Amino acid sequence: MCNIMRKIGPMSNILPNSTERPSVLVHVADNVKNLRRAADLSQDALAKASGVSRRMLVGIEAGDTNVSLATLDRIAAALDVTFADLVRPPQTVDLARVDAVAWVGRSPQSRGTLLASTPASRQAELWHWSLAPGEHYRSEPDAEGWHDMVYVIEGSLTLEIDGERVQVEAGGFHVFKSNRPFAYHNLGDRLLRFVRNVVN
């Protein structure tokens, strides 16, 4: 997901709810600050390189800003690090393991958890997602070369890819190029859980 600009729509924001602050935010502030300093960049220089406002960077480093996945992608690309480098605990021994909640929906049952990240030709990420009934996650196209691989554990996933829908039931999977607009929908009446690999 990183080292390129990956556009994600409004539902991709890391949204705090009344019961939980997404765990991905716990380490972002220190990681961004430490990686920026290690790269010998001022906040102004990183803002210019990433296309993220200095005001937003100040808030991120202070730990008090609600930030989108797309914004973290831009910062990671500007720092020449991976998305996982921004969100993992600094003392992590297994660098592939992240296990951080990166997205929460309106319902406490809806969440996207980045489980692990490992290099592919460029990068690969392993996610566990859950969507409550009626919830969805919508994304704008990724850059050329990115693929999504999903495996449904529980419930029924409705994939919308460039306006076309694909139904994936529990035990099923689907692989698609993500250089087109796509969305994950839970149109059923029970919790949806699925594993998602993002690969380049």
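Which residue in strand 9 stands opposite glutamate 160? I looked this up in the model, which is a predicted one. Glutamate 160 faces alanine 183 in strand 9.

Entry 1: Strand 6, residues 156–161, and strand 9, residues 182–185, are paired in the antiparallel sense, and I find four bridges between them. They belong to an open sheet of four strands, ordered 4-9-6-7, with antiparallel pairing. I noted the edges as strand 4 (136–139) and strand 7 (164–169), each of which pairs on one side only. From one strand to the next, the twist averages 15 degrees.

**Entry 2: strand 5 and its partners.** I looked up strand 5, residues 147–154, next. Strand 5 pairs with strand 8 (residues 173–177) over five bridges, in the antiparallel sense. For tyrosine 151, the bridge partner in strand 8 is phenylalanine 173. Strand 5 also pairs with strand 10 (residues 192–199), again in the antiparallel sense, over seven bridges. Here I checked methionine 149 and found asparagine 197 in strand 10 as its bridge partner.

**Entry 3: glutamate 61.** I moved on to helix 3, residues 54–62, which holds glutamate 61. Is glutamate 61 buried or exposed? Its relative accessibility is 8%, so I count glutamate 61 as buried, the cut-off being under 20%. I list Leu57, Gly59, Ile60 and Glu61 as buried in helix 3.

I then asked what surrounds this side chain. Beyond neighbours within four places in sequence, glutamate 61 contacts Ala29, Val32, Lys33, Arg36 and Gln43. With arginine 36 there is a polar contact between the side chains, at 2.6 Å.

**Entry 4: helix 2 against helix 3.** Two packed helices are described by the angle between their axes and the distance between the axes. For helix 2 (residues 43–50) and helix 3, the axes come within 9 Å and cross at roughly 115 degrees. I recorded the crossing as right-handed. On the helix 2 side, Gln43, Asp44, Leu46 and Ala47 take part; they meet Arg54, Leu57, Val58 and Glu61 of helix 3. By class, the residues of this contact are four nonpolar, one polar and three charged.

**Entry 5: the end of helix 3.** Last, I checked what comes after the helix. Glycine 63 follows helix 3, and its phi is positive, near 80 degrees.

Definitions and conventions:
Residues numbered from 1 in each chain as written. Predicted model: local features only at pLDDT ≥ 70, side-chain atom pairs only at ≥ 80, totals over all residues. Heavy atoms only, no water. Helix = DSSP H or I, 4+ residues; strand = E, 2+ residues; numbered from the N terminus. Buried < 20%, exposed > 50% of the residue type's maximum accessible area, 1.4 Å probe, protein only. Polar contact = N/O pair within 3.5 Å; in protein donor to acceptor, adjacent residues only side chain to side chain. Contact = heavy atoms within 4.5 Å. Axes fitted to C-alpha atoms, helices over the stretch in contact; angles between N-to-C directions. Left-handed = near helix turned anticlockwise from the far one by under 90°. Nonpolar A, V, L, I, M, F, W, Y, C, P; charged D, E, K, R; others polar. Pairing = 2+ DSSP bridges.
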